[in-house]
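Keep the sequence and the 3D view open as you read.

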Amino acid sequence: MTTDKLIILSSADLALAAGLVLLLAAVSWRLRLGVGKGMLIAAVRSTVQLLLLGLVLKALFSNSNPWLVAALATVMLAVAGYEVMARQKYRLRGPWGYGTGTLSMFLSSFSITVLALFTMLQPTPWYDPQYLIPLLGMLLGNTMTGVAVSLDNLTRQTLDKRHEIEARLALGYPATDAISDIRRDALRAGLIPIVNSMTTAGIVSLPGMMTGQILAGSPPMEAAKYQLLILFLIAAGTGLGSVVAVMLGSHRLFDSRSRLRRDHLTG
Amino acid sequence: MSHLRIEHLKRPGVDAAELYVDDADCVALHGPSGSGKSMLLRAIADLDEASGEVWLDDRPRSGFSGPAWRRQVIYVAAESRWWDERVRAHATDWQAADLEAVGFGQDVLDWEVQRLSSGERQRLALARALAYAPSALLLDEPSANLDGPNTERIEALVRHWRAHTGGCALWVSHDAEQRARVASASYPIHAGTLGARDDD
């Protein structure tokens with residue numbers, strides 16, 4: 001990594017960029033768009049969160065304590081799990097509501113991150129936070145979207161088509177047959193964003209990570225390779241996470257006698 | 001030949017202490033709307049959880065898996081639902097004779113479900129259920145939206161099916177004359193509770 005070309009941002013640079021957001025909020029207020037307040041809150045949240053993350057990572061990088069790395073990873077997973085739950089209109093009742101999304105993200109994001117660290121990046125130690133935390137963050141952030149969309153799609157469609165599901169159950173079809181097309185649709189919906197971003201990467205959009213690396217002075221080909229690695233990992237993680245979430249979720253929508261259990265869903 | 005026996009079937013809104021439908025027989029149920037007739041049929045079909053036991057011949061329901069039970073004891077809902085675009089996809093063993101009995105040629109299998117009227121769907125729903133070769137039928141107002149000739153078609157097909165396969169049926173109907181035509185006995189349901197057999 002070369003850092004000699006890195007242009008250090010000053011507080012004034014950031015303040016200027018923040019001024020643009022303030023301007024947008026003012027325009028929103030003037031035109032009564034009703035998004036100004038939400039925009040400002042989101043901007044303040046991202047400022048606090050990212051500065052805090054910067055501080056935490058700075059501390060982590062200086063001593064590489066595996067327990068601290070594990071603690072941060074756990075917090076990231078817990079927040080992602082909460083986000084997935086919050087984004088669903090109808091949730092599974094009880095611990096399944098939080099557990100389904102969180103467990104599927106844990107299984108996919110953590111296993112893919114560990115795989116990448118051991119076989120592809122191979123830093124020493126393998127839990128070196130400079131590699132582990134950004135990788136896990138990228139994976140969790142994207143897997144979260146896939147899992148949330150898939151689960152939301154699954155529960156919505158199940159409620160929407162419950163009579164069609166029961167029509168099949170009434171003719172003796174097992175639950176897996178009765179919900180197979182809904183399951184397929186839910187999975188597809190969760191995977192569309194990553195397929196789209198792989199399709200348009202480099203043509204319509206310049207991926208955020210690659211942009212960041214180039215701005216930080218990396219050679220473009222190195223940045224492109226890193227971006228490809230991340231895209232593939234994200235695709236695998238999102239796919240695996242969504243599959244697990246849809247399987248667990250659709251399992252919970254039925255009971256041991258293959259009855260559709262509307263009462264296992266909120267709303 | 002198949003008979004059905006219900007013992008102490010209970011869930012919120014359903015209470016059926018005892019009900020017996022003999023081989024090849026048909027028993028009718030009636031009651032005001034909201035009295036729990038559909039709920040009782042759903043509970044028998046094991047689409048809703050209920051305590052108690054149901055026997056098909058001499059096998060208890062608890063000895064079947066849920067899907068295996070429902071393949072034998074088929075619930076035909078008042079409003080039929082179709083999950084695929086075309087009629088054919090909803091069963092593999094469509095019987096030409098059954099389709100004809102409810103007023104269709106085999107070409108109906110290639111029709112789009114969306115283009116069928118609710119009455120046509122209702123008639124086809126019976127042929128669909130029979131295509132799965134059930135031992136017992138739970139019929140929830142199967143002719144509620146049908147005119148005279150089509151009502152007769154439904155009644156004749158169920159009668160024919162009972163005579164030829166020995167299957168038995170529970171038939172929910174508002175119409176006292178229809179109950180007298182199709183069933184050997186009739187029971188009222190009030191507030192979810194199955195009453196004593198009507199006098200003939």
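**Domains of chain A**

The centres of domain 1 and domain 2 of chain A, taken over C-alpha atoms, are 27 Å apart. This is a predicted model. The points below go from domains to helices to chains.

- The domain assignment of chain A places residues 9-63 in domain 1. It places residues 65-264 in domain 2.
- The two domains of chain A touch: five residues of domain 1 are in contact with seven residues of domain 2.
- On the domain 1 side of that contact, four residues are nonpolar and one is polar. No residue on that side is charged.

Two packed helices are described by the angle between their axes and the distance between the axes.

- Helix α3 of chain A covers residues 66-86, and helix α4 of chain A covers residues 95-121.
- They pack at an angle of about 130°. Their axes are 8 Å apart.
- α3(A) and α4(A) are therefore oblique to each other.
- The crossing of α3(A) past α4(A) is right-handed.
- From α3(A), the residues that meet α4(A) are Leu77(A), Ala80(A), Gly81(A), Val84(A) and Met85(A).
- From α4(A), the partners are Gly97(A), Tyr98(A), Gly101(A), Thr102(A), Met105(A) and Phe106(A).
- By class, the contact of α3(A) with α4(A) has seven nonpolar and four polar residues.

**Helices α2 and α5 of chain A**

- Helix α2 of chain A spans residues 36-63, and helix α5 of chain A spans residues 129-160.
- The angle between them is about 145°, and their axes lie 9 Å apart.
- α2(A) brings Leu57(A), Leu60(A) and Phe61(A) to the contact. α5(A) brings Pro129(A), Gln130(A) and Ile133(A).
- Five residues of this contact between α2(A) and α5(A) are nonpolar, one is polar and none is charged.

**Where chain B meets chain A**

- Chain B has 17 residues in contact with 14 residues of chain A.
- On the chain B side, the elements that give two or more residues are α2 (66-72) and β6 (73-76) of chain B.
- Which element gives the largest share of the chain B side? α2(B) does, with five residues.
- The side of chain B that touches chain A holds 10 nonpolar residues, six charged residues and one polar residue.

Notes:
Residues numbered from 1 in each chain as written. Chains lettered and ligands numbered in written order. Predicted model: local features only at pLDDT ≥ 70, side-chain atom pairs only at ≥ 80, totals over all residues. Axes fitted to C-alpha atoms, helices over the stretch in contact; angles between N-to-C directions. Helix = DSSP H or I, 4+ residues; strand = E, 2+ residues; numbered from the N terminus. Parallel < 35°, antiparallel > 145°, perpendicular 65-115°, else oblique. Left-handed = near helix turned anticlockwise from the far one by under 90°. Nonpolar A, V, L, I, M, F, W, Y, C, P; charged D, E, K, R; others polar. Domains from an automatic or database assignment.
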